[in-house]
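This report looks at aromatic ring pairs, at charges placed over rings, and at an annotated site taken from a database record.

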Amino acid sequence: MDKLTPSQWKVVSKPYEPASTIKVIAGPGSGKTLTLLYKVFHLVTVENIKPDEILIFSLTNKAVDNIIENLLSVFEDLPTSKEIISQIGCYTVHGLANRIVVENEGMINIIEEIGWRGLMKLLPPSKRSPHHVKSYKELEKVIKDYKLNGNMNCKIKTKDDISIIEKLVELMENCKVMTNDDLIIRAKKYLELDCSHSNYTSSSFIQDIQKKYKVVLIDEFQDLYPSLAPLITTICKDKQLIMFGDTNQSIYEFLGNNSQIMSQLDNLHPKSSTTILKLFDNFRSTPEIISLASKLISPPSRENQVHRDTDETPSELVRKLPCSVSPQLLSFDDLAAETEFIIDKITQLICCSAKFSDIAILSRTNLHLTTLANVLKKYGIPFQKLKSQPDWMDDLRIQFLLDILKVCSLASDERHSREFNTSDKWQSDFSILVTMSAIKGIGDASIQALYKACRLKNLSIWMYLTIIPNFEWPLGFAIKKKVENYTSSLFEMIENDRIHQLEDPLELLEEVSNITHKLNLNPSYFQPMSDSQSSLEFKTHLQEMAQVMKVSKSNKPAGVSFVKWFLETYFDQTMVFHQAKQTMQTTGPGTIKLSTIHSAKGLEFPIVFLTNGSMSNFPMDTNALYVGMTRARNLLYLCNMKHQSLASKLPSYSRSIMSNEPFWAYYKQDLNRSASETKIAVEHNIQRYNQLRKTFGFYRAYSSLRGCKSVFRRI
């Protein structure tokens with residue numbers, strides 16, 4: 001622990017005390033994660049807190065991945081390091097809630113886009129007029145609002161409208177379909193049940209949360225929002241709560257006011273048992289970048305009090321030496337000029353000592369990133385989009401395959417009377433409605449008529465379709481044929497219970513893919529495979545799903561069918577696979593990272609292009625701008641910020657960075673790269689750059705792009 005600074009050591013050495021709070025205000029690049037890791041190490045090795053008595057959670061999978069990945073290096077000198085780390089609880093807030101609910105209820109559905117689209121089909125056309133619900137996103141807002149406030153503040157007011165929403169909510173509850181907010185509320189309910197109901201037997205995980213865990217560490221407390229408060233305060237009560245974060249980096253205000261939940265956490269324990277500490281150091285960004293970023297913020301009065309209560313110099317002390325290159329603030333008249341500038345500057349940097357993997361392009365919108373990605377693709381520049389969860393989980397086509405698996409598993413349980421009771425006997429209905437709604441030609445009126453007929457017969461949709469003769473179905477001839485095809489395609493998997501007999505991941509995936517192929521799906525769900533780009537994307541996502549299924553198979557407990565285990569745990573299994581993938585070391589120049597500012601939070605990059613988009617008429621939000629700027633270690637380019645604290649200028653052509661040998665020496669030292677690595681004469685670098693510029697005409701918007709791939713590969 002000799003690598004810790006005095007302010008970091010003050011946090012690490014603070015003794016364990018039950019029912020107490022330590023709040024650590026940690027700015028960007030202050031070594032927050034390192035301090036958290038060594039705090040865990042100190043608790044285990046000095047304070048004699050057992051590893052399975054420590055719970056760590058954050059809001060994002062990325063933050064959790066980062067903690068798990070780095071815990072191993074902190075404990076590596078201990079002979080039982082892997083065993084220790086496996087016992088430490090490390091979750092996202094929603095991942096922890098999901099585990100609580102699944103252990104008590106079994107398979108649940110967290111509703112995604114394809115689910116909301118399916119629910120839209122149940123709305124009568126009159127309720128989708130301009131005066132009512134116009135899109136699935138608006139329906140999502142209405143239902144969430146109804147669940148939170150009842151019909152008092154709901155957007156739709158008439159008795160008929162409220163009745164329709166009530167029926168949709170009832171369907172969701174019967175089928176265990178939940179929003180993320182529902183998940184948090186349901187998890188809190190199970191945590192409280194053990195205390196108030198003597199007949200209730202809680203799961204082992206709930207018992208761990210209630211009785212075993214002694215210390216709870218929260219990473220990035222400024223990312224929390226009010227709806228998480230009930231669960232988090234219940235978990236942290238009577239334990240030592242250690243929170244790390246920085247209010248200047250709060251960029252999730254659209255989810256709710258962070259100060260509301262922080263007020264509850266700040267007052268969770270007595271003031272006499274609450275300590276506020278601050279990390280003063282900055283090991284990431286150059287003084288030039290910190291100086292510019294500091295113009296955006298002013299320390300809150302409470303942080304000033306922390307400054308007065310400590311012996312160390314405040315945060316103006318920067319640990320890195322100056323690099324002699326200031327951030328560039330630039331303004332562009334159009335998108336073409338901005339993208340050509342970025343391409344030109346990337347070329348200059350790559351022709352020197354930078355690698356593609358050193359560079360990140362950050363924006364506040366995914367739409368702008370898509371435009372930039374298309375330009376990079378045309379130039380043959382390798383890139384990777386960073387997201388909060390793997391792409392395959394957001395693919396509508398993959399979501400459809402998952403829903404088909406849920407239909408088969410749940411309907412088979414109902415058909416064979418497994419886990420059959422009044423509360424969940426129609427759990428398959430939601431997934432059937434969602435998948436049937438995706439079939440081309442089955443319209444809203446047909447879906448509504450079928451669902452109404454099932455309710456009148458008091459049957460699940462699958463039971464209705466297999467018991468009631470088709471001439472009694474309230475459907476037209478053409479629609480009956482489509483529904484019959486749907487039923488026959490799934491029949492063997494459900495009626496013969498084949499879905500629970502298949503144990504081989506690839507065989508199961510092949511079966512469900514064949515079922516999907518038989519259904520004539522709406523192009524909005526499945527784009528034609530004649531589109532080569534779409535086909536390649538789907539193939540990649542399907543391969544990732546198959547790999548996650550293999551991971552799931554490797555840790556499946558005995559006595560549980562594979563499909564049930566996968567559907568209940570695939571979110572966690574995805575994170576296991578993602579973590580394993582992250583540990584694989586890549587060689588070569590790597591890829592440029594494209595990311596929204598929100599997804600880049602907690603990360604750092606040697607070189608950052610931060611863009612607000614040339615077509616945007618609005619300045620970037622101050623906190624988002626501050627977060628984006630402080631992702632950069634050495635070079636920062638700000639494009640079209642339109643912020644009152646930052647004055648931009650029109651770009652002028654310059655290649656001065658290429659001949660700045662002192663900077664590149666600084667750069668390689670900062671990244672721990674040997675001085676001999678990529679050591680090429682400045683003249684040669686400029687010659688390579690000029691060759692590219694002459695061939696492809698940088699600054700001539702969307703000039704000739706042919707042949708770029710081979711040139712960049714040679715570089």
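Rings of Phe, Tyr and Trp (its six-membered ring) count as a pair if their centres lie within 6.5 Å. The model examined here is predicted. Ring pairs join Phe332, Phe341, Phe609 and Tyr637 into a cluster. By the pairing rule, the count comes to 12 aromatic pairs.

One of these is formed by Trp392 and Tyr570, a tilted pair with 6.4 Å centre to centre and 50 degrees between the planes. It links distant parts of the chain, its two residues being 178 residues apart. Trp392 belongs to the loop between strand S11 (383-385) and helix H17 (396-415), whereas Tyr570 belongs to helix H24 (residues 562-583). Both Trp392 and Tyr570 are buried.

Tyr570 also pairs with Phe566. The planes of these two rings stand at 35 degrees with the centres 5.6 Å apart, so this pair is tilted. Phe566 and Tyr570 both lie in helix H24, four residues apart, which is about one turn of the helix. Phe566 counts as buried because its relative accessibility is 0%. For Tyr570 the relative accessible area is 16%, so Tyr570 is buried, the cut-off being under 20%.

| Pair | Centre to centre | Angle between planes |
|---|---|---|
| Trp392 and Tyr570 | 6.4 Å | 50 degrees |
| Phe566 and Tyr570 | 5.6 Å | 35 degrees |

Rings also take part in arrangements with charged side chains. The charged end of Lys23 sits over the ring of Phe221, at 5.2 Å from the ring centre. Likewise, the ring of Tyr190 has the charged end of Lys189 over it, 4.6 Å from the centre.

The last topic is the annotated site. An unreviewed UniProt entry gives the annotation "binding site" to Ala26, Gly27, Pro28, Gly29, Ser30, Gly31, Lys32 and Thr33. Of these residues, Gly27 is found in the loop between strand S1 (21-26) and helix H2 (32-45), while Thr33 lies in helix H2. Gly27 counts as buried because its relative accessibility is 18%. Leaving aside residues up to four places away in sequence, Gly27 touches Asp246, Gln249 and Leu279.

Notes: Residues numbered from 1 in each chain as written. Predicted model: local features only at pLDDT ≥ 70, side-chain atom pairs only at ≥ 80, totals over all residues. Heavy atoms only, no water. Phe/Tyr/Trp six-rings, centres within 6.5 Å; stacked < 30°, edge-to-face > 60°. Buried < 20%, exposed > 50% of the residue type's maximum accessible area, 1.4 Å probe, protein only. Lys NZ or Arg CZ within 6 Å of the ring centre and 35° of its normal. UniProt positions renumbered as here; feature names shortened; annotations may be inferred. Contact = heavy atoms within 4.5 Å.
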